[in-house]
Each structure stands twice: as structure tokens, then as C-alpha cells.
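Student: Could we go through a structure together, step by step, so that I learn how to read its features?
Tutor: Gladly; please have the sequence and the picture open while we talk.

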Amino acid sequence: MKNYKNFQVWQKSHQLTLDVYKVVRNFPKEEMFGLTSQMKRASSSIPMNIAEGCGRNSDRDFARFLIISFGSANELEYQIILSIDLNFISFEQGQILLIQIEEIKKMLNGLITRLNNSKG
């Protein structure tokens, strides 16, 4: 079994989750059960699925959970774009988060590719 905390992509996605939680504190109260909740769920799903995949017995299973993480990153990316357009966050705040997501997606893609090319 792999230790998920040793993966840089997990570390970066955990930090992204912390950053998202900070940003959504300032969202309108009526969004508490809407966009705020969805963004918290999508952001935390990225490192959660990396952690769960590390507990699996094969590279194939691990890669499957990384693909789920990638999907959550895409979901969060759209939610941030929507938050910018709704003026819930500034363009600058949004760009910082979007850059983090892009980096995480590249790292996930590289890891998925490596795992799919391995024999385990």
C-alpha cells in the first residue's frame, strides 16, 4: 500500500481544498447549501480519492480513483468559473484557484498515464 501523504499531487490538492474552504466563507448565505456545499465537496473529493486509491491493491484500481479525482477537479474548475461570473469571488482569486487546479490536473494525468503503463 502507498502512503497518500507522500504524493505531491495529494499535498497540492489538500492545500487547494483548504483554499476553497477559505474562499467560500465569503459567499452569500443563501448559497450555503448550493454552490458553497458543492465546491467544498468537489474540492475535498480530489485528495479523498487519491487517498482511497492509495489503499487499493493494484495500480489499475489506484488509476481508477485518480480518474475520479480528475473529474472532481474539472467540476471544481467550472464552479470557480461560475463563482467569478456571479461575482462571489474576484477574478484574481479565481485565477489563483484555477492555476492550482490546472497544475493538479497535469499531475493527475501524468500519474494516471504512468500507472496505466505499468504492469501492476
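Tutor: Let us begin with a term that we shall need: a residue counts as buried when its relative accessible area is under 20%, as exposed when that area is over 50%, and as partly exposed in between. Please also keep in mind that this is a predicted model.

Student: Is Asn 87 buried or exposed, and why?
Tutor: Asn 87 has a relative accessible area of 67%, and because exposed means over 50%, Asn 87 is exposed. As for its place, Asn 87 sits in the loop between α3 and α4.

Student: What should I look for in the backbone of such a residue?
Tutor: As a general idea, most residues other than glycine have a negative phi. Asn 87, although it is not a glycine, has a positive phi of about 60 degrees.

Student: How many helices and strands does the chain have?
Tutor: The chain has four helices and zero strands, so that the pattern read along the sequence is α-α-α-α.

Student: Which residues have the most contacts inside the largest nonpolar core?
Tutor: That core has 29 residues, and those with the most contacts inside it are Leu 16, Met 39, Ile 46, Leu 66, Leu 76 and Ile 80. Each of the helices α1 (8–24), α2 (35–54), α3 (59–85) and α4 (91–117) supplies at least two residues of this core, while the largest share, eight residues, comes from α4. To follow one example, Leu 76 touches, leaving aside residues up to four places away in sequence, several residues, among them Leu 16, Val 20, Met 39 and Ile 101.

Student: What can I say about the chain as a whole?
Tutor: Of its 120 residues, 41% count as buried. A compact globule with 120 residues would have a radius of gyration near 14 Å, and the chain, with 15 Å, agrees with this. Along the principal axes, the C-alpha atoms fill a box of roughly 50 × 20 × 20 Å.

How values were computed. Residues are numbered from 1 along each chain as its sequence is written. This is a predicted model: local features need pLDDT of at least 70, side-chain atom pairs count only at pLDDT 80 or more; totals for chains, interfaces and linings use all residues. Side-chain values use heavy atoms; hydrogens and water are left out. The radius of gyration is taken over C-alpha atoms; the globule rule is 2.2 Å times the number of residues to the power 0.38. Buried means under 20% relative accessible area, exposed over 50%, partly exposed in between (1.4 Å probe, protein chains only). A nonpolar core is a set of buried Ala, Val, Leu, Ile, Met, Phe, Trp, Tyr and Cys residues joined through side-chain atoms within 4.5 Å. Contact means heavy atoms within 4.5 Å.
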